[in-house]
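Please work through the exercises below with the model in view. Each task is followed by a solution in steps.

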Amino acid sequence: MKTVKADKRGFSLTEVIVSIAIVSIVVLAVSSTFLSVRRIERQKVARENLVSEIRNIYNIFSSEPNDDFISLIERIYDVEDPNNKTTIKIESINDVEDHNKETTKITIYYNSLFQPSETGENLIVCYYSKEKGNNSINYTLKLEVQGSYQNYIKKEALTRTIKVWGQS
Amino acid sequence: MGPIMKKLKSNQGITLPFTVVIMFFVALLIAALVGYVSLSYQLSTRQIRLAEHKIILENEMYDYIKNIDDIEDLNSFPSDPSEADFTPINENYYIKVFKNKVNLIIELKEQFNYPNVVLKAELEFTLDYVYSEDNASLEIDIISYQIKKWGFN
């Protein structure tokens, strides 16, 4: 009879509180793990895209180091947008110290995953310059990563100079 | 007695062994997830560093080509591949250069972290008569080059 009485009591307040606490800890642990996993996955994708973008830009530069580079990169990155927003901006910089050196600043806009996007959460700024020599021109493309991953890539990976003979 | 016992058992709630088993599986799931993510992150980092290293090697290669100025530089490279060996160009990078008939073969690698990743380039230089202001005469010199092969081993 005693046990039957106990059966009708249900859960005590202490039992309910302890169960809620345990369940909360488990839910918190699982959800924070999932959130961390999601954050790490996004970081991984962004880093992969960043390196891939740098490689793409340098491939374009290596295929056309001369003046055609600017129009080529503009054609590739300037996506038609109904809101008239652009993923690329091109401007000339005058070097007052060296008149033989012409520099063009190309800013490419990316989202948080380093996909070209007008949101501009991350940027790759390309400084394209040409320096005339005796019988050749040195074309240099210097990249600068701005945003969350600006110190992620070694600086040696961010400058390429290609010498083209027969132009002066 | 029998039916009462049955009812008692069914109303005992979650037993301790059951809770332990469930907690064990939840912990196992979390550990597997964390392990998978950590492993995939490490693999991805390794691939990214390798891709970055290849970009650096290409930049160094273009830098080296940029410093080949004239026919004298070209003539200084050995024609026999057995005579060429990897020599340091700076504290990290080693280069091997030799001529193969008319083409110049350049092999570049980093000695410490990625000694097996070698960038190999084959360049064809075009030579022609160029007016030399120093000697006031026409002399044979480099007028252009073309990349014939470019790639990693």
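**Conventions.** This is a predicted model, in which local features need pLDDT of at least 70 and side-chain atom pairs count only at pLDDT 80 or more, while totals for chains, interfaces and linings use all residues. Residues are numbered from 1 along each chain as its sequence is written, and chains are lettered from A and ligands numbered from 1 in the order in which they are written.

**Exercise 1.** State where confidence in chain B is lowest and where it is highest.

*Solution.* Begin with pLDDT, the predictor's confidence in each residue, from 0 to 100. Its mean over chain B is 84, and 91% of the residues of chain B reach 70 or more. Next, go to the elements; helices (H or I, at least four residues) and strands (E, at least two) are DSSP runs, numbered from the N terminus. Helix 1 (residues 2-10) of chain B has the lowest confidence in that chain, with a mean of 50, and strand 3 (residues 103-110) of chain B has the highest, at 93. Where pLDDT is low, the predicted coordinates should not be read in detail. For the complex, the predictor gives an ipTM of 0.80 and a pTM of 0.81.

**Exercise 2.** Describe the make-up and extent of chain B.

*Solution.* Second, take the box along the principal axes, which is roughly 120 × 30 × 25 Å for the C-alpha atoms. Third, consider the radius of gyration, taken over C-alpha atoms: chain B has 33 Å, whereas a compact globule of 153 residues would have one near 15 Å (the globule rule is 2.2 Å times the number of residues to the power 0.38).

**Exercise 3.** Determine which element gives the largest share of the side of chain A that touches chain B.

*Solution.* Two residues are in contact if their C-beta atoms, placed from the backbone, lie within 7 Å. The contact takes 29 residues from chain A and 26 residues from chain B. On the side of chain A, helix 1 (2-7), helix 2 (13-63) and strand 5 (159-165) give two or more residues each. The largest share, 13 residues, comes from helix 2 of chain A.

**Exercise 4.** Follow helix 2 of chain A from its span to its packing.

*Solution.* This helix has 51 residues and reaches 74 Å from its first C-alpha to its last, close to the 75 Å expected at 1.5 Å a residue (the expected span is 1.5 Å times one less than the number of residues). A residue is buried if 20 or more other C-beta atoms lie within 10 Å of its own, exposed if 12 or fewer, and partly exposed in between. Among the buried residues of helix 2 of chain A are Leu50(A), Ile54(A) and Ile57(A). The buried residues of this helix pack against helix 3 (68-77), strand 3 (122-132), strand 4 (136-146) and strand 5 of chain A, together with helix 2 (16-66) of chain B. Ile54(A), for example, touches Leu143(A), Ile153(A), Ala157(A) and Ile55(B), not counting residues up to four places away in sequence.

**Exercise 5.** Why does Ser92(A) count as exposed, and why does Phe114(A) count as buried?

*Solution.* Ser92(A) is found in strand 1 (residues 88-94) of chain A; Ser92(A) counts as exposed because it has 9 C-beta neighbours inside 10 Å. Phe114(A) lies in the loop between strand 2 (101-110) and strand 3 of chain A; Phe114(A) counts as buried because it has 24 C-beta neighbours inside 10 Å. Finally, note that phi of Phe114(A) is near 60°, a positive value in a residue other than glycine. Most residues other than glycine have a negative phi.
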